[in-house]
Amino acid sequence: MNKPLRRIAVFCGVLVLALLIRATWVQFVKSDTLANDSHNRRVLIDAFSQPRGDIVVGGQPITGSVETPGSDLKYKRTYKDGPMYAPVTGYLSQAQGATFLEGVHAKVMNGKDDRLFFDRAKSLFTGETPRGGDVVTTIDPAAQKAAYKGLTDLKAKGAVVALDPRSGKILAMVSTPSYDPSVFAGISAKEGKEFGKLDADKNKPLNNRAMREVYPPGSTFKILTAAAAIEHGVVTDINAPMPDAPAPYTLPLSSTQVGNDVDNSLCDKVSLKTGMQWSCNNVFLDTALKTGKDRMRETAEKFGFNKEQFIPVRTAKSGYPDKLDKPQTALTGMGQGSLTSTPLQMAMVTAGIANNGKVMKPYMVDELRGSDLATLEKAKPEVLNQAVSEGTAKKVQEMMEFTASEGTAKKVKMEGVTVGGKTGTAQHGSDVREQRPYAWFVSYAKQSDGTSPVAVAVFVDPSDMDIQRSEIAGGKLGAPIAKSVMEAVLKK
């Protein structure tokens, strides 16, 4: 071979080698990046080329797939009772992508999960259109309906979370105002406008207030303050008067005095149990101060604070700060200051108390299954922490049950059922005189064997409600909702 031909052959060989290297790089190194590129139309076409598996509640699908004529995106998502279940399902939109369960378990429902390989292989031989698997949730439809009705009847922004304290199952998760994911499931201009309206709405219907928004928990946090003080031996007798807790209470290193919603005479130097009964701020300010920031934080973290939860959707982190002075530490005792919590987190605290101090990891998916109903994955309850001892939890239960029968939480009482409850009103904003407070309520119900099948946290933002400020209280706004949710669970 002469020299020019040899050079051409080498050059061609280099080009072929470069082509092979590039093809290998694209196929094996960049494949995931390209497959997930939002500008890759083929990926989008494939994602909506077949009916998708469903999200299931109470044995019935609450999602579906319908054909979209005239589009290369063949199927789009539909939702049953969309606004009620949106905080659970999230949305799947041809234009906007996927959120919450629709996003987390996308591969199961679109059939791309490796565990569905044989289903895909089978479809090649049968010619049948492959269908993805289903996501079976832990949601109790009756509890979800009761929670949603309670908030929408109030015409309030808010959230409700109900848990089974024994397992951590999420029985209800509601956020209002909500939205219907069906109205922007497609890619049309009209559906794009609908999403734009929701995204620009000042009431933020697309936000999940139950697990993605944090708020000061107000007096509902007093159950954790009590648990921390008892667990660390700061309070040994819940019936003993507290001589260092006068009402009103002067914050340490300050001249600021904190009073109570009830007459101060009912709270002056009273016991922890009476302090819980009337939600006496002075009692819990002094209790938190004596417990100290480190022990308060330690107990809060055992209940789940300062850490994201995955249910499997990621939640916001509830926060007990690590740098507090004495006045700030005292304020956390009544759920104020720089303390923040999601409604899910306060439901976890309540459930942990009801479950004798054992906090279970919250979860919303009971089972993943194939199109043939075969189980791909089954959830197993897991312990998050033994947050406090059984003895401590039972003392807090005693106080919460006394508060429900003889105190500020009376509206949650149920005939023939032992109920524990705690009200909460949380100040927020830079000017508490102008900002309407948030209303909270937490509670649990016990069975005859002493176990609790349901714990509830209700959060109400009354900023847009036609209601007098004097009527804004957890016992008035939140307790009836909590009661209806617990009744729905207990009737099963």
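Biologist: Which residue of strand 18 is the bridge partner of Ser 443?

Modeller: The bridge partner of Ser 443 in strand 18 is Val 456. The model is a predicted one, and what follows is computed from its atoms.

I start with the two strands concerned. Strand 17 covers residues 438-446 and strand 18 covers residues 454-461; they pair in the antiparallel sense over 7 bridges. In general, the strands of a sheet pair through backbone hydrogen bonds, either parallel or antiparallel. Both strands belong to an open sheet of 5 strands, with the order 9-8-18-17-16 and antiparallel pairing. At the edges of this sheet lie strand 9 (170-176) and strand 16 (418-426), each of which pairs on one side only. On average, and ignoring direction, neighbouring strands of the sheet are turned by 10° against each other.

A helix packs on this sheet: helix 15, residues 343-354, touches strand 8 (157-163), strand 17 and strand 18. The direction of helix 15 makes about 30° with that of strand 8.

Helix 15 also has a helical neighbour. Its axis and that of helix 16 (residues 390-406) come within 8 Å and cross at roughly 110°. Angles of 65 to 115 degrees count as roughly perpendicular, and helix 15 and helix 16 are therefore roughly perpendicular to each other. Helix 15 contributes Thr 350, Ile 353 and Ala 354 to the contact, and helix 16 contributes Ala 393, Val 396, Gln 397 and Met 400. By class, this contact of helix 15 with helix 16 has 5 nonpolar and 2 polar residues, and no charged ones. As a general point, an α-helix has 3.6 residues a turn, so residues three or four places apart point the same way.

The axes of helix 4 (residues 82-89) and helix 8 (residues 141-154) come within 10 Å, with a crossing angle of roughly 115°. That makes helix 4 roughly perpendicular to helix 8. The crossing of helix 4 and helix 8 is right-handed. On the helix 4 side the contact is made by Pro 83, Met 84, Tyr 85 and Val 88, and on the helix 8 side by Pro 141, Gln 144, Lys 145 and Tyr 148. The residues of this contact of helix 4 with helix 8 divide into 6 nonpolar, 1 polar and 1 charged.

Next comes another set of paired strands. Strand 13, residues 365-369, is mostly covered, with 5 of its 5 residues buried. Strand 13 pairs with strand 7 (residues 134-137) in the antiparallel sense over 4 bridges; in this pairing Asp 134 stands opposite Arg 369 of strand 13. Strand 13 is also joined to strand 14 (residues 375-378) by 3 bridges, and these two run antiparallel. Leu 368 stands opposite Glu 377 in strand 14, while Glu 367 stands opposite Lys 378 in strand 14. Strand 13 and strand 14 form a hairpin with 5 residues between the strands, and in this hairpin Leu 373 takes a positive phi near 70°.

Ser 279 lies in the loop between helix 11 (272-277) and helix 12 (281-291).

Lys 222 leads on to helix 10, residues 222-231, which is mostly covered: 9 of its 10 residues are buried. Among these buried residues are Lys 222, Ile 223, Leu 224 and Ile 230. Just after helix 10, Gly 233 takes a positive phi of about 75°.

For context, the protein chain has 18 helices and 18 strands. Of its 492 residues, 50% count as buried. The C-alpha atoms fill a box of roughly 105 × 55 × 45 Å along the principal axes. Among contacts between residues at least 6 apart in sequence, 69% join residues at least 24 apart.

Conventions:
Residues numbered from 1 in each chain as written. Predicted model: local features only at pLDDT ≥ 70, side-chain atom pairs only at ≥ 80, totals over all residues. Heavy atoms only, no water. Axes fitted to C-alpha atoms, helices over the stretch in contact; angles between N-to-C directions. Parallel < 35°, antiparallel > 145°, perpendicular 65-115°, else oblique. Left-handed = near helix turned anticlockwise from the far one by under 90°. Contact = heavy atoms within 4.5 Å. Nonpolar A, V, L, I, M, F, W, Y, C, P; charged D, E, K, R; others polar. Pairing = 2+ DSSP bridges. Buried < 20%, exposed > 50% of the residue type's maximum accessible area, 1.4 Å probe, protein only.
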